[in-house]
Amino acid sequence: EWIDVIRFLDWLESEMKIRVFTLFAGSQKVPYTDAGINSIVNVIKGTLAAGVTAGGLADDPAPAVLAPAALEVTAIDRAARNLPGVTFTCRLAGAIHTVNINGSVSV
């Protein structure tokens, strides 16, 4: 794998963990409601937007985050205060290393 990809993915993982932890640490609690779940989704979306700004992620298609509604989660997971099924999709921006240029010059 390219080193820029490895470095970016390491940064993205770390940044996402820090931002989600900051949400938990800065809140009295994150309620197990749709609003609480949306606060987590918004943190993840913000992290992915920062990844686009940093140049590691492409903005087309835009990164997407999916999470279940609070009532879609099993009572066992809610009792354990675990939120399963939060996913995101995005595309690496990649990089250009070579270019093929063809042209003609005439008088």
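Contact means heavy atoms within 4.5 Å of each other, and helices (H or I, at least four residues) and strands (E, at least two) are DSSP runs numbered from the N terminus.

## Basis of the model

This is a predicted model, in which local features need pLDDT of at least 70 and side-chain atom pairs count only at pLDDT 80 or more, while totals for chains, interfaces and linings use all residues. Residues are numbered from 1 along each chain as its sequence is written, and side-chain values use heavy atoms, with hydrogens and water left out.

## Overall architecture

The protein chain contains three helices and two strands, arranged along the sequence as α-α-β-α-β. Its radius of gyration, taken over C-alpha atoms, is 20 Å, well over the 13 Å that the globule rule (2.2 Å times the number of residues to the power 0.38) gives for 107 residues, so the chain is more spread out than a compact globule. The C-alpha trace spans about 80 × 25 × 20 Å along its principal axes.

Among contacts with a separation of 6 or more, 61% are accounted for by residues 24 or more positions apart.

Buried residues of H2 include Ile 37, Ile 40, Val 41, Ile 44 and Leu 48. The buried residues of this helix pack against H1, strand E1 (64-66) and strand E2 (87-89).

A nonpolar core is a set of buried Ala, Val, Leu, Ile, Met, Phe, Trp, Tyr and Cys residues joined through side-chain atoms within 4.5 Å. In the largest such core, which has 14 residues, Ile 44, Leu 48 and Val 65 touch the most other members. Leaving aside residues up to four places away in sequence, Val 65 touches Val 41, Ile 44, Lys 45, Leu 48, Thr 87 and Phe 88.

## Backbone features

Most residues other than glycine have a negative phi, and most peptide bonds are trans. A cis peptide bond, with omega of about 0 degrees, joins Asp 60 and Pro 61; Pro 61 lies in the loop between H2 and E1. Arg 81, in the loop between helix H3 (75-79) and E2, has a positive phi near 60 degrees. Arg 81 is exposed, with a relative accessible area of 77%. Just after H2, Gly 55 takes a positive phi of about 90 degrees.

Methods. Buried < 20%, exposed > 50% of the residue type's maximum accessible area, 1.4 Å probe, protein only.
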